[in-house]
Amino acid sequence: QIFNQHNAEALDLEQAFHRMAQTEPNLDHDVSWFLLPSYWAKMVVALISFLCFANSYDGDFVFDDSEAIINNKDLRTETSLGDLWYHDFWGSKLSSNTSHKSYRPLTVLTFRINYLFAGGFYPVGFHVINIILHCIISVLMVDVFSILLGGLHFSNKGRRLNLAPKSSLLAALLFAVHPVHTECVAGIVGRADLLCALFFLLSFLGYCKAFRENKEGHTFSIFWVLVSVILGAIAMLCKEQGITILGLNAVFDALVINKINILELIQKLLHKDKSLENSGLLRKGLLFRITLLMSGGASLLYIRWRIMGTGPPAFTEVDNPASFADSLFVRAINYNYYYSLNAWLLLCPWWLCFDWSMGCIPLIKSVSDWRIIALAALWFCLIGLICQALCSEDSYKRRILTLGLGFLIIPFLPASNLFFRVGFVIAERVIYLPSIGYCILFTYGFSLLSKQAKKKRILAVAVLGILLINVMRCALRSSQWRSEEQLFRSALSVCPLNAKVHYNVGKNLADKGNQSAAIKYYREAVRLNPKYVHAMNNLGNILKERNELHEAEELLSLAVQIQPDFAAAWMNLGIVQNSLRRFEEAEQSYWTAIKHRKKYPDCYYNLGRLYADLNRHIDALNAWRNATVLKPEHSLAWNNMIILLDNTGNLAQAEAVGREALELIPNDHSLMFSLANVLGKSQKYKESEALFLKAIKANPNAASYHGNLAVLYHRWGNLDLAKKHYEVSLKLDPMAPGTKENYNLLRRKLEQLQKKGG
């Protein structure tokens, strides 16, 4: 064996462990790997897991972070903490038809704490917590793998012993550096998976504590079994997968604590063998403990079902096309293909993508599709492993393989489409927990190879190379998650057929003002998915801004035809129709948008603009007032009300509206400017001057601010100050309408005054 340079303490521990488990086969006998004391092993795992993802600490909010964090009202103090228990992960009411029914209140609570401590939406604190959580989980994995690979053994003093220190270290390192975990760690929304995994592992370790013999000689502690159930419930409140730990605890109890041979048990049950009565299952309390676990699980599922409501979440065909296939054969074959791709991501995590939907993986519709080979390979391997797990004469081999398959498969079941439709094709985040099973199987496979290999050093170096490659891949992938531009562009080579990838690249370019490039990607998104209404809507918006109104109208009309309740597209269609001076159609489109989204302040604002163009002033004011009621900080609606009242001579009403607006939005310089104009016309010069100066301080480069302040001084008789601000205004905008004429009038007046004075 190599890499066995360790201190005397480690040697003593190893010898003690072997003496205490002479009858128990040990994986470490065949594994050529480092042997470190427990605390050093955990420090190494913590350090390496930190290095993998450290460069994501200063990343932005990306992809789903916007909806789950920035736009989630549950993070703000004005939302009651009690509301978190009735809202989904995205801040919507669970009773809503549009809710995804993802119930993760404890994860949202940690986001809220992050937000409060940071004093706002600063991503660094969110990222740091994610990195720390992954490090803690990786360290806990050393203990978890020591139990799964080495068995559960205690010293005379009740201290748990690690009989597989080398194997558990290797498995923990494989877990810590797996690149498929990058989405969970570098993407802030992955906090749900991290918290779920943390309490998942604590539940397992708590369950193991139940078997530490106490002073009364009881073989297990009901207290720790109940603690394990409670920790499983907490895991489920972080993410739905957490409940699967209760099933895994039952499997662990049967295989490790009771050393049950599953195949033998099945045969006895089928043949009604009387020896079952003397099997000791009842005496050892297995059935009682499983009853506790299953009762706890059933209660949690019932409570979750009641909170969520009886209706399942509503997903669309683009989210998970296989689940909408009419043929049972097509659904089954594609689900299995998805499983094979998840398995491949565990084996070779090189092609990673933030989203695998929308044509990224075309449906298999025929057995002649060559991708059927992937299914065959998956089931060939699974059936082989299952047969060995059930039929092997080696009890240790049966235990390891069954535990590995259990931890691989059971946590994945909620994402498998078997029990309910999920809203994705493949999601790298859901492999976080199943990767535990992969690490068990990899480590066991490595031990078998080491046992057969003559040159163990080469094999160990190869595994070390895999770990090093994974570390570099994690660092590279983490850097891609630091910004949306890098994240979206990295997906173009992995999923070139994914319309959502092109859509997100286009949206990112549009947000940066690069409309020409954005149009190219939006067009490609629509080409790949001709029913992609969001891409049509965004493309129509850009074309509208570029005054390509007819094509914009065609796209938006098609979008609302495909999805008649798409409120945003109806509103944008109304804006285009208004620009084309088809006012009746525009008004109808606006009202249709409001019909589908009753609380739509931006639509009321645009409706008000339409009424203002038609000189329907009362209707315009009512529409803008509705916008400000729904969204009190809607500055444009307030401004338009002030300007319309000012232009129609209702100065007192305009002043009242302006003061009301500034009470709600005290730092809005455009409102200061509009109210200052009204006050100036009402000859309240001093107050008007103060507001103009405050607006200029907030936005010193606005030519109109200086120009209108100059007009105020001109009226007030402060001619020198008027001259100064006219000049500043003309310097900022030489073509400012009316300013040059007013300035020339002032100059002539000053010349006349000079002549009179002379």
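Guide: Positions taken from UniProt follow the numbering used here, feature names are shortened, and annotations may be inferred rather than shown by experiment. The model is predicted, so local features need pLDDT of at least 70 and side-chain atom pairs count only at pLDDT 80 or more, while totals for chains, interfaces and linings use all residues. Residues are numbered from 1 along each chain as its sequence is written, and side-chain values use heavy atoms, with hydrogens and water left out.

Visitor: Which residues does the UniProt annotation "repeat: TPR" cover?

Guide: The annotation comes from an unreviewed UniProt entry.

Visitor: How many Å apart are the end C-alpha atoms of residues 703–736?

Guide: Helices (H or I, at least four residues) and strands (E, at least two) are DSSP runs, numbered from the N terminus. Residues 533–566 are 79% helix and 0% strand, with their end C-alpha atoms 8 Å apart. Residues 703–736 are 82% helix and 0% strand, and the distance between their end C-alpha atoms is 7 Å.

Visitor: Which element gives the most to the nonpolar patch?

Guide: Two or more residues of the nonpolar patch come from each of α13 (328–347) and α17 (456–480). With three residues, the element that gives the most is α17.

Visitor: Is Trp 350 buried, exposed or partly exposed?

Guide: Trp 350 is placed in the loop between α13 and α14 (372–391). Buried means under 20% relative accessible area, exposed over 50%, and partly exposed in between (1.4 Å probe, protein chains only). Because its relative accessible area is 44%, Trp 350 is partly exposed.

Visitor: How many residues apart in sequence are the parts that the pair of Cys 360 and Cys 495 ties together?

Guide: Cys 360 is buried at 12% relative accessibility, and Cys 495 is buried at 1%. Cys 360 lies in the loop between α13 and α14 and Cys 495 in the loop between α18 (484–494) and α19 (499–511), so the parts tied together are apart in sequence by 135 residues.

Visitor: Which cysteine has the closest sulfur to that of Cys 208?

Guide: Cys 208 is buried, with a relative accessible area of 3%. The closest cysteine sulfur is 17 Å away, which is too far for a bond, and belongs to Cys 196.

Visitor: What is the angle between the planes of Tyr 438 and Phe 442?

Guide: Rings of Phe, Tyr and Trp (its six-membered ring) pair if their centres lie within 6.5 Å; planes under 30 degrees apart count as stacked, over 60 as edge-to-face and the rest as tilted. A search of the whole structure finds 27 aromatic pairs. Among them is the tilted pair of Tyr 438 and Phe 442, with 6.0 Å centre to centre and an angle between the planes of 55°.

Visitor: Which helix holds both Tyr 438 and Phe 442?

Guide: Tyr 438 is buried at 12% relative accessibility, whereas Phe 442 is partly exposed at 21%. Because they are four residues apart, Tyr 438 and Phe 442 are separated by about one helical turn in helix α16 (residues 435–452).

Visitor: Is Asn 615 buried or exposed?

Guide: Most residues other than glycine have a negative phi. Asn 615 has a positive phi, near 60°, and lies in the loop between α25 (601–613) and α26 (617–630). Because its relative accessibility is 58%, Asn 615 counts as exposed.

Conventions
Disulfide = S-S within 2.5 Å.
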